[in-house]
Amino acid sequence: MGAQWKQKGREAAANAKGKVFSKLAKELQIAARGGADPATNARLRMAVEAARKASMTRDTMERAIKKGAGLLEGAAQYETVVYEGFAPHHVPVIVECLTDNKNRTSSNVRVLFRKGQLGASGSVSWDFTRLGAIEATPPAAGADPEEAAIEAGAQDLEPDEGGTIFYSEPTELDAVSKALGERGWTVSSAKLIWKAKNPVALDDETKRAEVEAFLAAIDDDDDVEAVFVGLA
């Protein structure tokens with residue numbers, strides 16, 4: 001039983017890693033439509049950094065970039081699709097998908113929202129703000145994140161586990177990320193997000209568990225790239 005349990009654990013870890021790589025490869029392909037050179041394509045540069053942090057091999061990255069840039073035949077054409085709605089207990093949710101088959105994705109999302117409520121475009125996003133979010137750790141203990149935010153041009157910041165999340169205007173994401181790096185901060189993630197203006201507070205543990213199970217099921221779908229939730 002011990003050996004079987006370990007094997008199941010390895011298989012689960014491999015499957016999880018495979019899903020992460022699949023989502024990263026899709027993002028690389030989408031980003032590469034704007035050009036195959038990360039030096040001149042900010043979105044691709046961020047996608048490459050994310051893939052490197054996940055230990056994706058160079059060959060896999062290059063193949064995904066070439067597919068997206070149209071340099072390989074038979075490449076799947078992915079597009080971004082956004083869904084809005086509510087998780088159980090009226091918690092607002094925005095789901096971003098990357099898909100090569102909108103009908104399949106739409107069908108899957110409708111099933112996933114059976115325990116919630118799928119809404120029309122704009123039904124939820126009005127209560128969110130579109131921002132750039134840069135997760136970074138300081139160059140040394142005692143470094144002032146507020147000073148770094150001002151110097152790098154960030155709009156706001158909040159503490160994170162062992163570091164800081166800097167918020168920027170969507171168009172300034174790459175510039176702020178670069179500026180933080182130039183000031184010695186180690187940037188671990190730079191991406192566009194939806195930040196809830198009025199997150200819902202759920203003190204009931206059972207209700208919160210229902211919402212978290214709902215979100216986990218959505219996030220597990222292969223076409224789902226990111227899930228943003230208004231939960232305090």
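## Salt bridges, a buried helix and positive phi values

Phe166 lies in strand β6; helices (H or I, at least four residues) and strands (E, at least two) are DSSP runs, numbered from the N terminus. This is a predicted model, in which local features need pLDDT of at least 70 and side-chain atom pairs count only at pLDDT 80 or more, while totals for chains, interfaces and linings use all residues. Residues are numbered from 1 along each chain as its sequence is written, and side-chain values use heavy atoms, with hydrogens and water left out.

Phe166 counts as buried, at 0% relative accessibility. Buried means under 20% relative accessible area, exposed over 50%, and partly exposed in between (1.4 Å probe, protein chains only). Not counting residues up to four places away in sequence, Phe166 touches a set of residues that includes Gly132, Ile134, Pro145, Ala148, Leu157, Leu180 and Trp185; contact means heavy atoms within 4.5 Å. For Phe166 and Ala148, 18 residues apart along the chain, the C-alpha atoms are separated by 9.3 Å.

Leu180 also belongs to the buried residues of helix α6 (residues 173–182), which are Leu173, Asp174, Val176, Ser177, Ala179 and Leu180. The cover over these buried residues includes α2 (42–53), β4 (128–137), α5 (145–152), β6 (163–168) and β7 (186–196). Just after α6, Gly184 takes a positive phi of about 90 degrees.

Most residues other than glycine have a negative phi. His89 has a positive phi, near 65 degrees, and is not a glycine. His89 is placed in the loop between β1 (79–87) and β2 (91–99), and its relative accessibility of 32% makes it partly exposed. His90 lies in the loop between β1 and β2 and likewise has a positive phi, of about 60 degrees, although it is not a glycine.

The structure holds 11 salt bridges. A salt bridge is a side-chain nitrogen of Lys or Arg within 4 Å of a carboxyl oxygen of Asp or Glu. Side chains of opposite charge can pair when their charged atoms come close.

| Salt bridge | N to O distance |
|---|---|
| Asp220 and Lys19 | 2.9 Å |
| Lys26 and Asp223 | 3.1 Å |
| Arg208 and Glu212 | 3.5 Å |

In the salt bridge between Asp220 and Lys19, Asp220 lies in the loop between α7 (205–219) and β8 (224–229) and Lys19 in helix α1 (residues 2–32), so the pair ties together parts that are 201 residues apart in sequence. Both ends are partly exposed: Asp220 has 46% relative accessibility, and Lys19 has a relative accessible area of 31%.

Lys26 pairs with Asp223 in a salt bridge. This pair links distant parts of the chain, with Lys26 in helix α1 and Asp223 in the loop between α7 and β8, 197 residues apart. Lys26 counts as buried at 5% relative accessibility, and Asp223 counts as buried at 5%. Lys26 and Asp223 are linked with Asp100 and Arg104 in a network of salt bridges.

Arg208 and Glu212 both lie in helix α7, four residues apart, about one turn of the helix. An α-helix has 3.6 residues a turn, so residues three or four places apart point the same way. Arg208 is partly exposed, with a relative accessible area of 27%, and Glu212 is partly exposed at 44%.
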